[in-house]
Amino acid sequence: MPPNDLYDIIVIGSGAAGLSFTYRLSQETSLGRMKILVVDPDKKVVNDRTWCFWANRPLWVDAIVYRRWDRLAFRSHFHHQNYDLGEFEYRMVRGIDFYRYTKEAINQNVNVHFVQGTASVVTDGEDQDLASVNVDGRTFQARWILKGAFLPSDFIPKPERYHYLTQHFQGWIIHTKSPQFDPKTFTMFDFRTPQMDAMRFIYVLPFTTHDALIEYTQFTKKPQTADAYDFALQAYIRDTLNITEYKVMETEAGGIPMTNHPFARKIGHRIMTIGTPGGLVKPSTGYAFHRILKDTEQIIQSLIRYDHPFAIQSPPRQYAFFDRIMLGVMERDGSKMEHIFSQMFRNNGIKRIFNFLDETDPLIHNLPLLLSVDPLPFISAVIRG
Ligand SMILES: Cc1cc2nc3c(=O)[nH]c(=O)nc-3n(C[C@H](O)[C@H](O)[C@H](O)COP(=O)(O)OP(=O)(O)OC[C@H]3O[C@@H](n4cnc5c(N)ncnc54)[C@H](O)[C@@H]3O)c2cc1C
């Protein structure tokens with residue numbers, strides 16, 4: 001093997017996880033001598049997604065935050081309220097800005113190489129051996145491999161044991177003739193759309209008084225037809241927002257897998273999963289971006305302290321249980337979620353809700369939130385498994 005195919009770390013996938021890790025590593029002077037290879041078939045030159053998340057502290061991605069909101073609106077047939085986010089802020093980062101910003105900074109570091117290709121077989125290395133990855137027939141070796149993409153044989157669903165839903169969404173960026181939106185307030189949930197036995201809501205992210213992303217979202221196994229999404233969006237804009245004069249400027253659609261299927265982190269002596277293959281997508285919400293940023297910091301600290309990436313915290317077990325129960329209710333009784341979320345928002349402050357979703361608090365702090373919603377759907381989900 002030519003020596004230029006030997007690396008300290010190979011990162012498979014230059015998405016949110018792969019690029020945030022490589023970017024952060026390239027900023028750490030103590031790790032600056034490491035030789036890194038990043039593998040991805042995609043050059044990441046289009047805006048293939050937009051990430052939103054809440055945070056209560058500065059983050060390095062703030063340099064590329066596209067929009068931020070400090071008020072949240074909740075709307076349903078049972079509850080209607082606007083909330084100040086207090087110490088939190090809801091932020092949006094566009095994929096294209098993230099890819100450009102991180103790659104530009106990484107490219108200042110001569111020890112990071114990008115190869116455009118598809119990783120297929122990843123082989124672990126024991127003891128003194130290195131791990132290796134095959135990229136379109138060429139083999140690269142490294143001390144550590146961070147695997148941020150699923151390879152074909154990686155994922156075998158077990159529907160008899162775990163829940164599998166997808167957060168399907170289709171959105172329109174609209175421009176209205178008259179001022180219609182408050183650019184400081186985003187709507188996280190508007191359940192005033194037919195639920196049809198599943199959890200369905202609309203998300204409204206205003207950019208200006210005249211421009212907003214209106215996104216129809218459903219937690220289901222299968223998507224609807226494109227026509228059905230268009231119909232639901234039209235009906236919502238016309239009948240609920242009472243907007244009649246507008247133009248659709250852009251459209252976006254996507255799906256985020258939501259499952260409690262377990263994803264191991266250390267999958268060999270020298271291989272670790274990151275991002276989605278590492279289970280970083282929160283099963284009951286589909287949020288992953290901020291979790292990936294936090295995970296990246298732990299991996300960097302592990303490399304600095306121990307010269308390996310594995311010293312990261314395991315997620316608290318109680319939250320895996322909550323996620324399983326929530327997914328169970330969403331899968332079998334999805335239309336009950338409007339009522340459950342209404343109770344949650346009516347009876348709790350934003351800080352408690354965000355901390356619960358961020359998995360930061362011990363169980364005792366979550367008791368008031370858990371006791372604030374009707375227990376019956378959850379008891380039923382526990383019994384049905
Ligand atoms: C459309 C969309 C919108 C989302 N919005 C939000 C949001 O608002 N907030 C939030 O918190 N989360 C959101 N998510 C969920 C999650 O944050 C994203 O999916 C995030 O991009 C996950 O990061 P990742 O690194 O795991 O995967 P990705 O960012 O998808 O990166 C994986 C990379 O691996 C590459 N790859 C695939 N196969 C191979 C291979 N064989 N070899 C090498 N490379 C390979 C891919 O080309 C890709 O670049 C969204 C997801 C989607 C799909």
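Student: How far from a nitrogen atom of the ligand does a backbone N or O atom of A119 lie?

Tutor: In this predicted structure the A119 atom lies 2.9 Å from the ligand nitrogen atom. For such a predicted model, local features need pLDDT of at least 70 and side-chain atom pairs count only at pLDDT 80 or more, whereas totals for chains, interfaces and linings use all residues. Residues are numbered from 1 along each chain as its sequence is written, and side-chain values use heavy atoms, with hydrogens and water left out.

Student: Which of the 30 residues around the ligand come nearest?

Tutor: They are D40, K44, C52, T276 and A288.

Student: Why is K44 called buried?

Tutor: Buried means under 20% relative accessible area, exposed over 50%, and partly exposed in between, with a 1.4 Å probe and protein chains only. K44 has 11%, so it is buried. K44 belongs to the loop between β2 (36–40) and β3 (50–55); helices (H or I, at least four residues) and strands (E, at least two) are DSSP runs, numbered from the N terminus.

Student: Is N242 buried or exposed, and how do you know?

Tutor: With a relative accessible area of 58%, N242 is over the limit for exposure, so it is called exposed. N242 is placed in the loop between α3 (226–240) and β16.

Student: How do you know that β12 pairs with β16?

Tutor: Two strands pair if DSSP finds at least two bridges between them. β12 and β16 (residues 246–259) run antiparallel and are joined by 13 bridges, so they pair. In this pairing L165 stands opposite M258. β15 (residues 211–220) also runs antiparallel to β12 and is joined to it by 10 bridges, with G171 opposite E215.

Student: How many of the residues of β12 are buried?

Tutor: β12 is mostly covered, with 12 of its 13 residues buried. Q167 lies in this strand, as does Q170, the strand spanning residues 164–176. Q167 has 11% relative accessibility, so it counts as buried; Q170 has 14% and counts as buried too.

Student: How do you know that the span of α5 agrees with expectation?

Tutor: The expected span is 1.5 Å times one less than the number of residues. For the 17 residues of α5 this gives 24 Å, and the end C-alpha atoms are 24 Å apart, so the values agree. Buried residues of α5 include Y319, F322, I325 and V329.

Student: What makes a set of residues a nonpolar core?

Tutor: A nonpolar core is a set of buried Ala, Val, Leu, Ile, Met, Phe, Trp, Tyr and Cys residues joined through side-chain atoms within 4.5 Å. The largest here has 42 residues, and L72, Y90, L205 and F341 have the most contacts inside it. Helix α5 (residues 317–333) gives the most to this core, with six residues. A second, separate core has 40 residues, among them L25, L31, I106 and A288.

Student: Why is E359 called buried?

Tutor: Its relative accessible area is 14%, under the limit, so E359 is buried. E359 is in the loop between α7 (350–358) and α8 (363–371), and its side chain forms a polar contact of 2.7 Å with that of K282.

Definitions and conventions:
A residue is near a molecule or strand if one of its heavy atoms lies within 4 Å of it. A polar contact is a pair of N or O atoms within 3.5 Å; within protein, one must be able to donate a hydrogen and the other to accept it, and residues adjacent in sequence count only if both atoms are side-chain atoms.
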